[in-house]
Amino acid sequence: MTHDAPHVAAAPHGDPAPHGAPHGDPAPNHDHPRADHPRADHPRADHPRADRPQGDHPRTDQERLRRWRLVLGGQGADGTGCSLSGADAAMDRTLEALYGSGGGDGAGGSGTAAGRSGGSQGAGSGARSGGLGGSAPQVARWLGDIRTYFPTSVVQVMQRDAIDRLGLSALLLEPEMLEAVEADVHLVGTLLSLNKAMPETTKNTARAVVRKVVEDVEKRLATRTRATLTGALDRSARISRPRHRDIDWDRTIRANLKNYLPDHRTVVPERLIGYGRAARGVKKDVVLCVDQSGSMAASVVYASVFGAVLASMRSLATRLIVFDTSVVDLTEELDDPVDVLFGTQLGGGTDINRALAYCQSQITRPADTVVVLISDLYEGGIREEMLGRVAAMKASGVQFVALLALSDEGAPSYDREHAAALAALGAPAFACTPDLFPEVMAAAIERRQLPIPDMVMHQ
């Protein structure tokens with residue numbers, strides 16, 4: 001007797017499977033609610049099935065059916081003829097609570113899924129519907145469950161999906177919830193957007209969560225950023241009587257091409273150009289101008305960390321300006337990026353022109369200043385004035401950098417017309433990852449072409 005498997009066509013073909021079973025490993029199936037979400041065949045190291053090497057193909061037909069059953073979810077065995085028990089059934093409940101057919105009902109939705117997430121029901125028992133329920137303890141148990149069964153990277157994806165699909169933002173205002181979540185940059189962005197509504201009992205816990213993420217990001221990026229920019233500052237100080245080890249051979253050869261001797265096939269270097277060593281004191285001024293509208297949450301987090309790193313370098317004078325329809329100068333808070341983040345207010349409108357006007361007022365050495373605008377360029381202010389300010393800064397010698405985002409996600413939705421207008425002024429707008437940011441800043445300091453990958457350049 002065969003079983004009906006409605007999604008067999010989506011599976012890749014592999015070894016023969018039993019009657020009615022899908023062939024090969026589970027493959028993405030965009031018709032199924034779980035298809036675009038973390039798959040259930042990635043247990044944590046402490047999962048009961050973790051003795052099976054991750055990445056191995058299923059070696060038995062029963063294992064293929066088990067994986068398909070976890071991917072498909074749904075009533076009964078979903079045509080696979082495979083039932084779940086033990087850890088597999090608990091894993092299936094955590095997925096069903098979020099990605100089941102009733103998912104998206106909101107934090108106040110059905111309590112049945114929340115009960116299952118606590119491990120009280122067996123797989124396939126009763127009507128199944130998505131939703132984590134309205135009780136914070138139930139959600140906290142679900143958060144604990146997913147950390148038990150899935151690796152950290154998958155847990156972070158599922159948490160973001162729970163916040164987006166089930167409207168759990170309000171529950172993050174409760175301390176027990178914050179203690180249960182896996183902290184990442186996106187969670188910090190959500191907490192910052194809730195900052196004004198956060199009760200005093202939660203603020204200390206929220207600050208601890210934000211500080212942990214900030215310290216992790218700073219540990220990953222700070223050393224490389226300082227090393228890259230220190231080298232750029234040294235190279236930006238050109239001298240005409242360099243020591244041998246400090247000679248900039250590329251610029252020296254170009255400056256002496258008129259002294260080329262064809263017979264000897266050589267250039268006589270009458271004039272040497274070398275790298276100087278950055279003297280003590282401020283060499284460059286950096287102004288970070290950051291859009292704090294809701295869509296820029298991750299960029300605000302990374303910009304705050306980079307701002308603190310740059311401010312720690314004696315050769316740089318760094319200012320951090322955040323804006324929506326108003327402008328706030330957070331330069332005095334740069335010694336602690338957590339204070340910077342809690343000084344922001346995500347959401348609201350956008351007035352880039354007003355922000356750039358303030359930045360202009362702070363520039364005293366145009367030829368030694370780098371202005372970095374981080375914004376999706378949706379301007380609520382006066383467009384022509386905004387573009388005029390960029391043109392005026394560049395004409396005065398300012399190095400102007402426009403970043404559509406400073407995050408790992410790539411380019412967000414952005415105003416293409418304004419991006420094209422900036423490109424026409426010689427300031428191409430592009431999305432920048434945190435790992436690329438030090439190279440972008442080094443190029444701006446040295447006044448050379450920015451390292452813009454073709455696929456992320458937006459003109």
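Modeller: Let's start with Cys432, which is buried at a relative accessible area of 1% (buried means under 20%, exposed over 50%, partly exposed in between, using a 1.4 Å probe and protein chains only). Bear in mind that this is a predicted model, where local features need pLDDT of at least 70, side-chain atom pairs count only at pLDDT 80 or more, and totals for chains, interfaces and linings use all residues. Residues are numbered from 1 along each chain as its sequence is written, and side-chain values use heavy atoms, leaving out hydrogens and water.

Colleague: Okay, and Cys359, buried or exposed?
Modeller: Cys359 counts as buried, at 1% relative accessibility.

Colleague: How many disulfides are there in the whole structure?
Modeller: Zero, going by a search of the whole structure; a disulfide here is a pair of cysteine sulfur atoms within 2.5 Å.

Colleague: Which cysteine sulfur is closest to the one in Cys359?
Modeller: That's the sulfur of Cys289, at 3.6 Å, which is too far for a bond.

Colleague: Where else does Cys289 show up?
Modeller: In a second, separate core of 26 residues, which also includes Val287, Leu356 and Phe400. A nonpolar core is a set of buried Ala, Val, Leu, Ile, Met, Phe, Trp, Tyr and Cys residues joined through side-chain atoms within 4.5 Å.

Colleague: And the largest core, which residues touch the most other members there?
Modeller: Phe150, Met158, Leu172, Val372 and Phe437, out of 85 residues. Helix H8 (residues 200-236) gives this core its largest share, 10 residues; helices are DSSP runs of H or I with at least four residues, strands are E runs of at least two, and numbering goes from the N terminus.
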